[in-house]
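Me: Hi, could you walk me through a model I have open? I'll show it here first.

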Amino acid sequence: KAVAGQQGSVHIQHFPNHPDDLPLLTKNWPQHWLHTSFPPCTRPINTCPIEEKITLGIYPVVDSAQWIERLIKLGIHTIQLRVKQLQGDDLDNEIKKSITVAKKYNVRLFINDHWQLAIKHKAYGVHLGQEDLDQADTTAIRNAGLRLGISTHSFYETARAHALHPSYIAIGPVFATTSKNMPWIPRGLEGLTYWQQVLTSYPLVAIGGINYTRAQAIR
């Protein structure tokens, strides 16, 4: 039925602008309500002020334990390990070493994709892309007490992440990037601001084209 000259049963003028109106997208609707939220992103040892508990700060993505050690010395407290070039024992050992280093220096280390090894070696958390969500056992990650971060690039993907109540949601691309193939239109600061107003229950991570100057603008 047409509404105010528009075709369709609902006259939609804008996306939700209040947290209560944000939809949740899940394949297992009845089971969703049995789950609690993933743990918050507090520091591994609670030594930071309350206002810092939900602030991840500069959040680099690296591919080795060696890089993790270098970044820790620069004062970085949140790091993601994204290893694509290793397999088998080499991958297992790199993840184990990285987690050991992170725990030694009390930093938040999220393991990209390899959730089984993250559980095995008791990582702080796991980061999953949208494709990874199709394969990962998020219930196992939750039951192991790990944090979960999820990448999103659209309203659809954000509603999908929101249904899992993760520890944080990554929003992007905020700016154009050449670091990986990104078929999405950059959201810009205006798009990031919108999600900051709607996703008030989560720490947000701005991804895509972040450099020193742009980092100052999104703090």
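Predicted model: local features only at pLDDT ≥ 70, side-chain atom pairs only at ≥ 80, totals over all residues.

Here is the chat that followed.

Me: How many helices and strands does the chain have?

Reply: The chain has nine helices and seven strands. Of its 219 residues, 45% count as buried.

Me: And what is the strand order in the sheet?

Reply: The order is β1-β2-β3-β4-β5-β6-β7 in an open sheet of seven strands, with parallel pairing. At the edges sit β1 and β7 (204-206), each of which pairs on one side only.

Me: Let's look at β5. Why is it largely enclosed by the rest of the structure?

Reply: Strand β5 covers residues 147-152, and six of its six residues are buried, so the strand is largely enclosed by the rest of the structure.

Me: Which of its residues point which way?

Reply: Arg147, Gly149 and Ser151 point one way from β5, while Leu148, Ile150 and Thr152 point the other way. All of them are buried, Arg147 included.

Me: How many bridges join β4 to β5?

Reply: Four bridges join β4 (residues 125-128) to β5, and these two strands run parallel. If you want a spot to look at, His127 stands opposite Gly149 in β5.

Me: And what about β5 and β6?

Reply: Four bridges join β5 to β6 (residues 168-171), again in parallel. Ser151 has Ala170 in β6 as its bridge partner. Ala170 also stands opposite Val205 in β7, where β6 and β7 pair in the parallel sense over three bridges.

Me: Which helix goes with β5 and β6 in the β-α-β unit?

Reply: That's α7 (residues 155-162): β5, α7 and β6 make a right-handed β-α-β unit.

Me: Switching to the core. Which residues touch the most other members of the largest one?

Reply: Ile68, Ile79, Leu109, Ile111 and Val126 do, in a nonpolar core of 44 residues. Helix α3 (residues 88-104) gives the most to this core, with five residues.

Me: What is Val126 in contact with, leaving aside its neighbours within four places in sequence?

Reply: Val126 is in contact with Phe110, Ile111, Trp115, Ala118, Ile141, Leu146, Arg147, Leu148 and Gly149.

Me: Why is the pair of Phe110 and Tyr124 edge-to-face?

Reply: The planes of the Phe110 and Tyr124 rings are at 90 degrees, with centres 5.5 Å apart, so the pair is edge-to-face; the cut-off for that class is over 60 degrees. This pair links distant parts of the chain, from Phe110 in β3 to Tyr124 in the loop between α4 (115-120) and β4, 14 residues apart. Tyr124 is buried, as is Phe110.

Me: Last one: which residues form the aromatic cluster?

Reply: Tyr59, Phe110, Tyr124 and Tyr168 form one aromatic cluster.

Note on methods
Residues numbered from 1 in each chain as written. Heavy atoms only, no water. Core = buried A, V, L, I, M, F, W, Y, C linked by side-chain atoms within 4.5 Å. Buried < 20%, exposed > 50% of the residue type's maximum accessible area, 1.4 Å probe, protein only. Contact = heavy atoms within 4.5 Å. Pairing = 2+ DSSP bridges. Right-handed = clockwise from strand over helix to strand, strands pointing away. Phe/Tyr/Trp six-rings, centres within 6.5 Å; stacked < 30°, edge-to-face > 60°.
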